[in-house]
Amino acid sequence: MAEELKPSTFYTVYGEPQLDQSKQNALLYLYQPIVGSVALSLYLTLVSDITLEGKSPSLMHTDLLAAVDTGLMNLVKAREHLEGIGLLETYEKTDDEIGMSLIYQLRLPLGPEKFFQDPLMAYLLMDKVGKRRYERLVERYKPKNFDRESIKKITKRFRDVYRLDETAFTSYSEALEQTQEEFADRSDFDWSLFTQQLKRFSLVLTFEEREKLQTFQTLYGLNELDLAEFVAKASAGERAGLNFNYLRQLINKEKRPKVSAAPKQALTENPSNASNFSPQELEIIAQSKKIAPVTFLRAIKREKGGFETNTEVRLLEELIGRNLLPKSVINIIINYILVIQNQAVINANYLNAIANDWAQKKISTPEAAITHVRENNQKLVRKPQASRPNYQKRGTGRKEALPEHIKQPPKEMKLTPEKEAELNRKLAEYLNKEGDD
């Protein structure tokens, strides 16, 4: 990047336009010893570029170099320090007229409480400032408690102060869930920790490689340490870049994704319209949000007595890479094809047609996916007592209202309602277990 970056290169900054005093103190006392004074100066300068709308105008690195008062190589090094610690994400954009430009996405620093709860961050700080100063910083920022035995808590509860119209609140549930989804953190994967792990192997990834690794992480549900180990193995002996074919083989062979145990209260923490779903559907919804698509696919195939194919895994990888649907909705599609339609394998055209249709309809949650299927007269998990297919009503001749190009999957006999209910029960039990055989 240092060879490509020039003082005339344009850049744009995204992020919070202002930092409160606690964030500034965290940068000064906790982050600066780790990243260095030049990196801190770069971060604060980029913050000053951002307008109240959360975005800077298009600027040139010439001005940035003058403001930070350093050379181009030192600027790149300082930027990498910010990237490695999780304060900055850098993206490259190519334009026919202006050539390459950069996009800087600033991330807020951790507050002291979160910072010291992170063993890696705490160790990096101690390693830089020494144990004595580290202990002084801990003493400065640790929570200050008071004796609660001799006092009485008189704080009012929410319902003591505010009156909530639950009917009105429920009527807005769909819009509120959509808002929650738009602001939700899309991944609980710590890319800062992952980057630190890669440094043990002296590895630096390109933007394209990192984007593809995000797909792998979502597909297989790997944690930071495991993914770093696999990347190190897949890059050993490579002269240029990461061998993704070998990485895929390693993951499939050595690391079978685990199924995390679902919390006991999972069924009680569903949205207010939970009564609209059966217990089996609620379990599928809960697990679709927690489990990686490959693991979800494997669970269904095992319960049906089959196995996942390499082609199916690659199809899911390609679908995730398009960033059209969250993994929970992709899991519902898997369930729809293999359980409801009772297909033996996932057909590429059928998978892509459904995904394309749902993406255009802005389906972003498993609840919305199930509701959409129901509105087209197709139950996601049929009840045992149903004796007629739900997609055709008696005497009306009305068929499933899915788009024409996806109405007809590959021919195969559907499960009886009893067998389908039993399969979904076993699947819910399997997904709720700890670990993978």
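## Strand pairing and a helix contact

In strand E4, Gln 105 is the bridge partner of Tyr 14. The model is predicted: local features need pLDDT of at least 70, side-chain atom pairs count only at pLDDT 80 or more, and totals for chains, interfaces and linings use all residues. Residues are numbered from 1 along each chain as its sequence is written, and side-chain values use heavy atoms, without hydrogens and water.

Helices (H or I, at least four residues) and strands (E, at least two) are DSSP runs, numbered from the N terminus. Strands pair if DSSP finds at least two bridges between them. The pairings are tabulated here.

| Strands | Sense | Bridges |
|---|---|---|
| E1 (residues 10-14) and E2 (residues 59-60) | antiparallel | two bridges |
| E1 and E4 (residues 99-106) | parallel | five bridges |
| E3 (residues 88-95) and E4 | antiparallel | eight bridges |

Phe 10 has Met 60 of E2 as its bridge partner. Glu 92 stands opposite Leu 102 in E4. Three residues separate E3 from E4 in a hairpin.

Now the helices. H16 (residues 293-303) packs on H18 (residues 327-340) at about 20 degrees, with axes 9 Å apart. Axes are lines fitted to C-alpha atoms over the stretch in contact, and angles run from 0 to 180 degrees between N-to-C directions. The angle therefore makes H16 roughly parallel to H18 (under 35 degrees). H16 contributes Pro 293, Phe 296, Leu 297, Ile 300 and Lys 301 to the contact (heavy atoms within 4.5 Å). From H18 come Lys 327, Asn 331, Ile 334, Asn 335, Leu 338 and Val 339.

Conventions. Parallel < 35°, antiparallel > 145°, perpendicular 65-115°, else oblique.
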